Amino acid sequence: MIDRVGECVFCDLIRTGQARWVARGAAAVAFRPLSDDELAPGHTLVVPRQHCSGILDVLPEHLAATTALVQRVARAMTEALGATGVVLLNASGPHSGQSVDHFHIHVVPCWPDDGADFWPTERSQHLVAGAAHELLARHLA
């Protein structure tokens, strides 16, 4: 594991064991959000042990381990907490709203009576030169 001691709060939490643990695996871990930032009862962060800044640089095997743990946490939320659904939130890179420079996925449980809406309500005003999905398809081909 690349450990960015003193530079990355999540690496420090993993290294010191000071996180408020929900689950610990060999390649990914889950813990409660920092401070009092829980969006709902049981809101959990899932992160790879290997430091990476976001979705753009996480290694495929660490992404797989992280998403497998996300699924386990989401299932536990429905079974143990009675949640009827979950919302996954991730922000990666500059101008995305990412608050910690370590890839992480928020797993937020939802219930019919919670009144929460985690879906973005505003649309980007950014213009792309060309048809965005055609440009993506060409790049991925």
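Predicted model: local features only at pLDDT ≥ 70, side-chain atom pairs only at ≥ 80, totals over all residues.
**Figure 1**

**Figure 2. The five-stranded open sheet.** The strand order is β1-β2-β3-β5-β4, and the pairing is antiparallel. β1 (21-24) and β4 (85-89) are the edge strands, each with pairing on one side only. From one strand to the next, the twist averages 20°.

**Figure 3. Pairing of β4 with β5.** Five bridges join β4 to strand β5 (residues 105-110) in the antiparallel sense. At one of the bridges, Gly 85 has Cys 110 in β5 as its partner.

**Figure 4. The aromatic pair between helix α1 and strand β2.** Phe 10 and Phe 31 are arranged edge-to-face, at 5.3 Å centre to centre and with 75° between the planes. Phe 10 belongs to helix α1 and Phe 31 to strand β2, so the pair ties together parts that are 21 residues apart in sequence. Both Phe 10 and Phe 31 are buried.

**Figure 5. The aromatic pair between strands β1 and β2.** Trp 21 and Phe 31 also form an edge-to-face pair, with 6.1 Å centre to centre and 90° between the planes. Trp 21 is in strand β1 and Phe 31 in strand β2, ten residues apart. Phe 31 has a relative accessible area of 0% and is buried.

**Figure 6. The aromatic cluster.** Phe 10, Trp 21 and Phe 31 make up one cluster. The count of aromatic pairs comes to two.

Technical notes
Residues numbered from 1 in each chain as written. Heavy atoms only, no water. Pairing = 2+ DSSP bridges. Helix = DSSP H or I, 4+ residues; strand = E, 2+ residues; numbered from the N terminus. Axes fitted to C-alpha atoms, helices over the stretch in contact; angles between N-to-C directions. Phe/Tyr/Trp six-rings, centres within 6.5 Å; stacked < 30°, edge-to-face > 60°. Buried < 20%, exposed > 50% of the residue type's maximum accessible area, 1.4 Å probe, protein only.
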